[in-house]
Amino acid sequence: MRFWDNCQFPGVIGVVNGVHIAIWPPETIREHLYLNRKLYHSLNVMLILAVNAGHGGRTHDSRVWNASEVSVHLEEQHRNGRTGTWLLGDSGYPLLPYLMIPKLNQIPGSPSAAYINAHVKARCSVERCIGVLKGRWRCLRKVRALHYKPEFAALIVNAGCVLHNVAKWYNITDPEPYFDDIDLEVHDANGIDAMDVPNRRTGNEVRENIIRRFFM
């Protein structure tokens, strides 16, 4: 309801985003799996209520999504005919009936452009959330880097997210948001798995229907 009140985007149940949490170069034969495209070692973490910190920085956002429990749950919901709600993600995620991503390079003033504007406004909430998380837990900032094995670093990230949610539950005042140079990075769709293609077609139909009903 708040997404509709604030952004006039219907059916949104949450926003998903990935962020790179810097780690010390791991001493493992799989070290290359943690080297991200900006050439430092990291975990690619999906935030925040359904946190998934078990992937190296080389892993694409779409693969992190496909391996998540929330992805499996929403796919089951879709197959059981429970439709009409979705998450919002950036263009690094697959377009699915329950995951709406931007429709890029649209004509200014067009219904598709209005959809994009509402989508961007809604996604600002997760970007600020990442900033607050790093403002609260400084060890998650890129300049700090977690000096632990990847598996233990992932537990630290999970604990930080749990404690962040506890703080929100008890209305503890948010710290000043902190943004790394990676927090607002624009992701691309390269590397999205071919197995997503059938659902992406249905996802496009859902997205076009949203545009026709709410942004014309």
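1. Trp65 is buried, at a relative accessible area of 0%, where buried means under 20% relative accessible area, exposed over 50% and partly exposed in between (1.4 Å probe, protein chains only). Tyr93 is likewise buried, with a value of 1%.

2. The model under discussion is a predicted one: local features need pLDDT of at least 70, side-chain atom pairs count only at pLDDT 80 or more, and totals for chains, interfaces and linings use all residues. Numbering starts from 1 along each chain as its sequence is written, and side-chain values use heavy atoms, with hydrogens and water left out.

3. How many aromatic pairs are there? Rings of Phe, Tyr and Trp (its six-membered ring) pair if their centres lie within 6.5 Å; planes under 30 degrees apart count as stacked, over 60 as edge-to-face and the rest as tilted. By this rule there are six aromatic pairs. One of them joins Trp65 and Tyr93 edge-to-face, with 6.4 Å from centre to centre and 90° between the planes. Trp65 belongs to helix α2 (residues 61–66) and Tyr93 to the loop between β4 (86–88) and β5 (99–100), so the pair ties together parts that are 28 residues apart in sequence. Elsewhere, ring pairs link Phe9, Tyr115 and Phe215 into a cluster.

4. As to the overall architecture, the protein chain has six helices and five strands. Helices (H or I, at least four residues) and strands (E, at least two) are DSSP runs, numbered from the N terminus. Read from that end, the order of elements is α-β-β-β-α-α-β-β-α-α-α. The radius of gyration of the protein chain is 18 Å, close to the 17 Å that the globule rule gives for 216 residues, so the chain is as compact as a globular protein of that length. This radius is taken over C-alpha atoms, and the globule rule is 2.2 Å times the number of residues to the power 0.38. Along the principal axes, the C-alpha atoms fill a box of roughly 50 × 40 × 35 Å.

5. Of the 216 residues in the protein chain, 48% are buried. Contact means heavy atoms within 4.5 Å; among the contacts with a separation of 6 or more, 66% involve residues 24 or more positions apart.

6. Is Ile21 buried or exposed? At 2% relative accessibility, Ile21 counts as buried. Apart from its neighbours within four places in sequence, Ile21 is in contact with His41, Ser42, Leu43, Val45, Lys134, Leu140, Leu146 and Val157. The C-alpha atoms of Ile21 and Ala145 are separated by 7.2 Å, although these residues are 124 residues apart along the chain.

7. Leu39, in the loop between β2 and β3 (42–47), has a phi near 65°, a positive value in a residue other than glycine. Leu39 counts as exposed, at 67% relative accessibility. Asn171, found in the loop between α5 (150–169) and α6 (197–214), is not a glycine and yet has a positive phi of about 55°. Asn171 is exposed, with a relative accessible area of 67%.

8. Finally, on charge: the mean positions of the 25 positive and 21 negative charges of the protein chain are 3 Å apart. Lys and Arg count as positive and Asp and Glu as negative, while His and the chain ends are not counted; each charge is placed at NZ of Lys, CZ of Arg, CG of Asp or CD of Glu.
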